[in-house]
Amino acid sequence: MDSPVGGLRIHASSGLIAAVDFGATKPRKARVSDPLLDRAEEQLTAYFAGELTEFDLPLASEGSEFQQKVWAELRRIPYGETASYGDIARRLGYEPVISRAVGAANGANPIPIIVPCHRVIGADGRLTGFGGGIERKKILLDLEQPGLF
């Protein structure tokens with residue numbers, strides 16, 4: 001699908017959203033209609049239009065136990081808000097020193113936007129790494145809270 005952050009490709013497996021990839025181009029042939037993918041595209045379209053602040057989709061969570069804990073915590077960061085890697089570590093009951101591990105788990109998130117890893121910023125309030133690139137992260141954060149960055 002097209003979006004303000006470029007082409008997105010949504011992947012589903014066994015009735016769950018499994019991944020969202022950045023940089024997708026138009027498919028050479030039309031995809032088979034899939035109610036879950038249609039629902040995901042509708043929700044992403046509403047999100048980009050500023051009409052949806054929380055996704056309601058069944059998500060796959062293939063990753064380590066630690067990654068799954070981090071990804072669940074990412075989903076708790078409200079629309080329009082941000083948290084640091086240290087904040088996430090503390091919320092999970094760890095010392096902030098584990099923030100690098102939180103960053104690694106955040107970077108391994110296969111379902112960006114829907115699992116809002118873009119809402120995690122550096123302890124100093126600056127934008128930090130994002131699998132889709134810093135410019136996409138800025139676009140997503142500006143969409144949620146104009147003028148924030």
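1. Which element of the protein chain has the lowest mean pLDDT, and which the highest? The lowest value among the elements belongs to helix H4 (residues 99-107), with a mean of 93, and the highest to H1, with 97. This is a predicted model; over the protein chain the mean pLDDT is 92, and 96% of the residues reach 70 or more.

2. Five helices and four strands make up the secondary structure of the protein chain. Their order along the sequence is β-β-α-α-β-α-α-β-α.

3. Strand E1 (residues 8-13) and strand E2 (residues 16-22) run antiparallel and are joined by six bridges. Together E1 and E2 form a hairpin with two residues between them. Ser13 has Leu16 of E2 as its bridge partner, and Ser14, in the turn, has a positive phi of about 55°.

4. Helix H5 (residues 134-144) has Lys137, Leu140, Leu141 and Glu144 buried. Seen down the helix axis, the buried residues of H5 fall within an arc of 95°, so they line one face of the helix. Residues three or four places apart in an α-helix point the same way, because there are 3.6 residues a turn. The buried residues of H5 pack against helix H1 (35-48), helix H3 (85-91) and strand E4 (120-121).

5. The radius of gyration of the protein chain is 15 Å, which agrees with the value near 15 Å for a compact globule of 149 residues. The C-alpha atoms fill a box of roughly 50 × 35 × 25 Å along the principal axes. Of the 149 residues, 38% are buried. The chain exposes about 8,100 Å², of which carbon and sulfur atoms supply 50%.

Note on methods. Residues are numbered from 1 along each chain as its sequence is written. This is a predicted model: local features need pLDDT of at least 70, side-chain atom pairs count only at pLDDT 80 or more; totals for chains, interfaces and linings use all residues. Side-chain values use heavy atoms; hydrogens and water are left out. Buried means under 20% relative accessible area, exposed over 50%, partly exposed in between (1.4 Å probe, protein chains only). The arc is that of the directions from the helix axis to the C-beta atoms. Contact means heavy atoms within 4.5 Å. pLDDT is the predictor's confidence in each residue, from 0 to 100. Two strands pair if DSSP finds at least two bridges between them. The radius of gyration is taken over C-alpha atoms; the globule rule is 2.2 Å times the number of residues to the power 0.38. Accessible areas come from the Shrake-Rupley method with a 1.4 Å probe; for residues, only the protein chains shown count as cover.
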